[in-house]
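Subject: Handover of a structure

Dear colleague,

Please find below the structure that I am handing over to you. My notes on it follow directly after.

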Amino acid sequence: MYDDLFQPGDICVPRSFTLGAATAAYQVEGGANSGGRGRSIWDTFSHTPGKTEGGATGDVAADHYHRVHIDLDLMRTLNLDAYRFSISWPRVMPTGEGAVNPDGLMFYSRLIDDLLDRGIQPIVTLNHWDLPQSLEDKYGGWRGRETAHAFETYAEIVGAALGDRVAVWSTHNEPWNNSFSGYGSGAFAPGGTSHADALAAAHHLNLSHGLAVQALRSTITRPDAQISVALNNFRIEPEGPDDADAARRFDAIANRIFTGPMLRGEYPDDLILDTAKFTDWDFVKPGDLEIAHQPIDLLGLNYYEVMHVRANPAFDPASESDGGTDFPGSERIEFVRRDDLARTGMDWGIEPRGLEEHLVALSEEFPSLPIMVMENGAAFRDTVVDVDGIPAVFDVNRVNYLSAHVAATVRAVERGANVIGYLVWSLLDNFEWTAGYGPRFGLIHIDYETLERTPKLSSRWFAELCATRALPVRTPSSEKAHAEREGLDAAATL
Ligand code: FCB
């Protein structure tokens with residue numbers, strides 16, 4: 001279908017570099033009631049009226065749980081080095097602690113074998129937000145310290161079962177969203193609206209990260225396995241000199257609240273001061289910071305856009321709320337929407353140079369730590385067109401987006417950043433949390449009625465990149481035919 005559209009360009013990605021694609025359990029698996037899976041907080045939340053776009057739930061999603069073999073074969077055609085997926089904690093431990101569901105564990109064990117058989121390295125996330133509902137009911141979810149200990153046991157069980165084969169482990173995915181969107185703003189499951197709770201959740205995620213790293217170290221046996229955490233550490237740019245303090249505040253609450261404990265063994269002083277009106281931090285117990293601060297092998301970075309910030313000139317301290325706003329102190333900061341930028345379907349500004357700068361800066365900040373881009377990608381309004389009876393999606397916008405970001409990553413490496421891999425978000429179109437099924441991030445299109453898979457043009461582009469290691473560019477001879485096909489798909493371009 002997409003033959004002869006690309007030829008290798010002159011930007012080269014090192015052979016040793018890991019190229020792959022990512023998903024997360026609740027977003028793709030479906031099979032919500034299959035194989036003994038327990039309930040997660042995202043089941044409860046998505047089934048609560050008004051919480052997700054159009055009442056969307058992950059009950060079926062891309063039905064990856066039942067169609068995993070189709071997806072594995074598609075992955076092989078993409079020439080992926082690695083596939084990042086998350087384990088659904090309630091599929092493995094239906095109530096989060098106690099009994100293990102052997103069928104759940106077996107699903108992931110087979111998936112790992114099938115990946116390795118196809119020459120694809122498994123990259124496993126332990127927590128991509130789908131906390132067992134029982135732990136929410138019993139301990140208040142991540143608000144409660146007990147959940148951190150339950151996570152340690154879960155990591156031990158999964159490490160012992162799969163640790164002979166998994167290449168890269170991530171403890172958490174984006175603890176920022178997990179804590180502040182989940183417990184403070186109310187936007188994500190479980191929908192809590194207390195900034196004090198969100199700060200406690202952030203601490204328990206930090207603590208549980210350290211506990212899980214220890215649990216993995218004591219159980220995994222694959223000699224070259226690496227342990228990491230996937231942070232959406234933000235590239236923050238103040239609009240002007242007067243906005244430096246707004247940038248510092250956002251950096252403290254969004255970035256250093258996680259890198260501080262995990263990578264330095266401390267909370268930054270300015271964070272404690274900034275948040276003093278919300279909490280006294282009494283949930284930090286003696287010894288917690290030593291536990292959170294475990295040596296890790298790799299830092300995962302999820303990058304989507306630059307955060308342009310400025311101080312809110314109309315800020316009134318009396319207006320500061322205890323919850324239900326984006327994060328503690330968010331009234332002080334404005335996020336500037338730059339009209340000069342092209343934007344994705346999520347309305348996120350497209351700035352590949354932000355990825356380049358951020359990789360260089362992070363590598364300077366943590367010189368001993370290799371970095372992997374664990375998520376980068378874009379949603380666009382993709383549509384399936386019929387070309388001589390064969391379905392196709394000409395997602396030229398996504399090809400351009402991914403090309404520019406891979407090139408930015410290569411430039412960061414040339415500037416000395418220690419980056420060892422790049423994973424596209426996402427392998428498949430999927431359940432985009434509160435936004436439901438509107439935004440499509442996949443290299444592979446999913447028809448949510450028939451669950452039919454249609455590889456998009458971007459999947460062919462990525463397959464070429466993985467095979468040739470030279471950024472594929474469109475061939476001049478194919479431009480005309482290509483333009484005609486894009487014409488068919490005019491609605492899909494922004
Ligand atoms: C990240 C999430 C991922 C996906 C992308 C678009 O914040 O980790 O699950 O939703 O955004």
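This is a predicted model: local features need pLDDT of at least 70, side-chain atom pairs count only at pLDDT 80 or more; totals for chains, interfaces and linings use all residues.

Residues are numbered from 1 along each chain as its sequence is written, and side-chain values use heavy atoms, with hydrogens and water left out.

Helix α7

Helices (H or I, at least four residues) and strands (E, at least two) are DSSP runs, numbered from the N terminus. Helix α7 covers residues 145-162, 18 residues in total, and spans 26 Å from its first C-alpha to its last. That is close to the 26 Å expected at 1.5 Å a residue, the expected span being 1.5 Å times one less than the number of residues. Among the residues of α7 that are buried are Phe 151, Tyr 154, Val 158 and Leu 162 (buried means under 20% relative accessible area, with a 1.4 Å probe and protein chains only). The cover over the buried residues of α7 includes α5 (102-117), β4 (121-127) and α9 (195-219).

Cavities

On a 1 Å grid over the protein atoms alone, a cavity is a set of points where a 1.4 Å probe fits but cannot get out; a pocket is an open set with protein on both sides within 12 Å along at least five of seven lines; lining residues have an atom within 4 Å of a point. Four cavities of 30 Å³ or more are found in the whole structure. The largest cavity holds about 100 Å³ of space. It is lined by 13 residues, and Arg 249, Ile 253, Asp 274, Pro 328 and Gly 329 are the closest to its centre. Helix α10 (244-264) and α11 (269-274) are the elements that give two or more residues to this lining, and α10 gives the most, with four.

The largest pocket contains about 1,000 Å³ of space. Its lining comprises 43 residues, of which Asn 177, Phe 234, Glu 305, Met 307 and Trp 348 are the closest to its centre. Helix α8 gives the most to the lining of the largest pocket, with four residues.

The second largest pocket has a volume of about 260 Å³. Of its 16 lining residues, Tyr 2, Thr 77, Pro 455, Ser 459 and Arg 460 lie nearest its centre. Here α15 gives the most to the lining, with four residues.

With kind regards

Terms used:
Buried means under 20% relative accessible area, exposed over 50%, partly exposed in between (1.4 Å probe, protein chains only). Contact means heavy atoms within 4.5 Å. Grid points are joined across faces, edges and corners, and a volume is the space filled by probe spheres set on the points.
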